Amino acid sequence: MNRGIVVVTLASAVFYGTPLLFAALGELLAERSGVLNLGVEGMMLVGAVCGFWTVERLSGPSPLVLLVAILVAALAGAAIALIHAFIVVTLRANQIVSGLALTIFAGATGLSTYLGDVGNLGGKPAAHAFHSIDVLGLAGAPVLGPVLFHQNVLVYISWVLVALVSFYLFRTRQGLHLRAVGESPAAADSLGINVTRQRYVHTLAGGALAGVGGAYFSLALTPSWLPGMTGGAGWIAVALVIFAFWQPALTLVGAYFFGALSSLGFNLQSRGVNLPPEVFSALPYVLTIVVLVAVTSGWTKRRVGAPAALGIPYVREDR
Amino acid sequence: MRTPFGLHLERRLTIPAWLPVAVPVGSMLAALLICGVILIITGHDPFSTYSTLFSQGFTGQGAMTSMLQTGTPLLFTGLAAAAAFRMRIFNIGGEGQLYIGAMAASGVGLALGGQPTGVIVVAMIAAAALGGLLWAAIPGVLKAVTGTSELITSLMLNYVAGLLITYLIYDSSSYWRDLSSFSAKQFPQGKTLSANAGWPSTSTLLSPATVLLILVIAAAAAWGWRAWRSRQAGRKAIAVVLVAIVASAALANATPAQSVVLPLGFGVGLIACIAVWVLYRETRFGYEARVVGDAPAAARYAGISQRRKIIAVMVISGMIAAVGGASQIGDFGHVLDPRGLQQQSLGYTGIVVAALARFHPLGVPVVALVLGGLTNAGFSLQGPNFPSGLVGILQGALVLATLAGTVLGQYSLRTGRRPVVEPEAIAEASAVDAVLGPT
């Protein structure tokens with residue numbers, strides 16, 4: 001029963017959707033503060049390469065090495081996000097152009113590939129990797145076992161993170177401040193909330209989560225380093241935030257939906273469905289467009305959830 | 001408002017005369033500095049790297065021919081991005097539109113194999129433009145009708161277009177694929193176009209310094225003309241132009257001339273740049289599209305159709321990128337090569353070109369050539385002794401530095417607590433600042 005296509009697809013939806021979930025949660029935090037960061041793809045790749053590098057060079061007990069690797073990946077992602085924060089928050093430059101430049105600077109043709117070559121990391125299997133663990137001995141349970149109780153640690157961390165981000169956004173004073181800054185920075189400023197600090201902090205947090213999402217690729221999904229290995233996941237994460245109406249819980253649903261799509265190809269092919277591989281590979285990209293159109297037109301024409309000040313620099317003198 | 005490091009912006013009340021020159025130069029130096037730091041950390045000598053980059057990309061034997069070869073597609077993708085971004089339509093689908101253009105052009109080129117060259121060239125350009133029009137119309141119509149972000153849809157279509165051409169050559173027995181021999185069946189490749197489908201080119205003797213001379217004169221003339229028109233520093237402008245001409249004429253004798261191949265595509269691209277410039281500057285369409293981009297509310301009140309403008313701008317941009325794909329087939333490749341096209345990421349580099357040209361159509365050719373040379377040099381550097389990826393680092397750093405530089409040309413970055421907000425208080429505070437320094 002647990003080998004049936006539905007269960008396998010659900011289990012791989014979670015497995016393949018988790019990096020998208022990390023990156024999209026990060027982007028959600030940045031966008032909630034009013035900063036659109038299109039550099040997610042670049043930050044993910046730098047996280048992936050830095051995480052992999054740490055695992056290659058560090059010796060020690062596996063859990064400790066992996067913990068350090070995740071922290072390094074988060075720091076690397078945040079460091080790249082700092083560039084964006086400085087350019088768009090302090091200097092108030094165009095967020096779209098800066099984000100695109102960030103992806104070119106850090107992405108598949110830039111820093112991540114450079115670091116991968118410098119560290120001579122290409123083509124090796126990771127020395128330590130995240131493996132799926134049997135939680136409470138329930139991995140063999142029908143249907144739910146493979147989907148919920150036989151995943152790697154990062155998956156469980158991502159669930160905690162969704163709950164934390166949700167609680168933070170809607171149940172804490174800090175979260176209220178964050179939403180205020182994203183909706184109306186002038187009003188927030190007049191209440192004594194530091195707009196600049198909020199935007200810096202959440203852009204950096206977004207970068208850190210994108211870095212972790214990238215490290216998921218090189219340490220859990222295909223434990224190895226390949227230039228450009230995220231293959232547009234960063235962009236799908238940006239789209240996910242829109243599908244999810246800037247809500248953490250819906251981000252989880254969306255991430256697993258895209259996880260299912262990106263794994264559907266292998267699952268159908270391994271069952272003898274005979275279509276060109278390109279059709280399956282194109283599926284997530286085409287459906288991103290379809291879902292995005294469905295979400296932005298029709299019943300939700302009012303852009304539900306989009307922070308009102310998204311993408312707009314805050315100029316105190318214009319208040 | 002306390003900020004990290006206490007940094008904030010203050011509008012410059014007067015713009016010193018040296019600033020418009022210092023900003024681009026400073027941005028370039030800043031980008032080189034950032035890359036230099038990365039090079040030093042990773043154990044490479046920045047000075048020898050940069051001097052190799054310069055000679056490989058611009059002055060070495062055959063460098064200018066390769067510069068034109070890489071610069072030509074970048075001219076098209078750069079112009080495509082500039083034409084869209086200038087109107088606040090963020091078409092990052094240049095990459096995919098170029099693939100579709102290459103696909104359409106090579107299909108037509110193969111079909112018309114026996115016709116005279118002139119007919120084939122025109123047909124290839126037309127086919128590519130049509131392909132680009134249709135492909136770019138998807139995100140354009142979606143943006144205009146449902147308000148879906150063209151950023152994401154155009155980007156997603158890049159991956160789809162890449163997979164489409166990969167399918168045509170690697171996983172099907174399509175019209176494009178060469179199935180004539182056993183080895184071609186084992187190692188998939190596209191059919192090569194017949195000789196008369198190759199686009200003509202001319203070659204001339206040029207020295208790198210002559211090109212520099214032409215560029216300097218053009219830049220100085222543009223600057224002088226602007227200064228003349230705004231009735232500022234008319235005499236100063238003429239003096240600067242003269243000095244620039246004399247200085248670069250002296251330089252012109254320094255480097256030996258080499259034979260340079262000028263591809264037809266580059267000429268087509270130059271004409272396209274001028275056409276876009278005229279369209280945006282001199283026509284009613286250009287004016288209305290600018291209003292839609294810069295002030296959507298004003299456009300609505302003035303009764304300008306936003307939808308039509310959005311679709312039109314997107315389609316123009318897509319057609320230009322696609323003709324770049326046609327030139328890639330006709331001028332250089334003569335065969336549809338999915339791997340080669342995807343490795344070059346010409347579309348994404350086009351965005352860099354457009355950003356560095358500040359989205360001005362006439363700035364695009366110059367920047368495209370410079371980045372073409374830089375890209376060639378970067379790729380020739382990488383190998384067992386040098387990591388790949390320097391090209392992207394340098395391009396990204398250049399755009400980021402230019403963005404920062406553009407802002408810092410109008411504002412100055414100050415530290416310390418900013419003055420109180422009320423206008424009278426600002427005046428007072430800056431008076432106090434002038435005496436006591438920032439508090």
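User: Which element gives the most to the side of chain B that touches chain A?
Analyst: In this predicted model, 58 residues of chain B are in contact with 55 residues of chain A. The elements that give two or more residues to the side of chain B that touches chain A include α1 (19–41), α5 (117–146) and α17 (390–410) of chain B. With 13 residues, the one that gives the most is α17(B).

User: How many salt bridges does the rule find across the interface of chain B and chain A?
Analyst: The two chains bury about 4700 Å² between them, with 78% of it on carbon and sulfur atoms. By class, the side of chain B that touches chain A has 41 nonpolar, 14 polar and three charged residues. Between the chains there are five residue pairs in polar contact, both residues being at pLDDT 80 or more, while the number of salt bridges found across the interface is zero.

User: Is Glu288(B), which forms a salt bridge with Arg284(B), buried or exposed?
Analyst: The closest N and O atoms of Arg284(B) and Glu288(B) are 2.9 Å apart, and the two residues, four apart in helix α11 of chain B, are separated by about one helical turn. Arg284(B) counts as exposed at 65% relative accessibility. Because buried means under 20% relative accessible area, Glu288(B), at 13%, is buried.

User: How many residues apart are Asp294(B) and Arg86(B)?
Analyst: The side chains of Asp294(B) and Arg86(B) meet in a salt bridge, at 3.8 Å from N to O. Asp294(B) lies in helix α11 and Arg86(B) in the loop between α3 and α4 of chain B, so that the pair links distant parts of the chain, its residues being apart by 208.

Conventions:
Residues numbered from 1 in each chain as written. Chains lettered and ligands numbered in written order. Predicted model: local features only at pLDDT ≥ 70, side-chain atom pairs only at ≥ 80, totals over all residues. Heavy atoms only, no water. Contact = heavy atoms within 4.5 Å. Buried area = accessible area lost by both parts, 1.4 Å probe. Salt bridge = Lys/Arg side-chain N within 4 Å of Asp/Glu carboxyl O. Polar contact = N/O pair within 3.5 Å; in protein donor to acceptor, adjacent residues only side chain to side chain. Nonpolar A, V, L, I, M, F, W, Y, C, P; charged D, E, K, R; others polar. Buried < 20%, exposed > 50% of the residue type's maximum accessible area, 1.4 Å probe, protein only.
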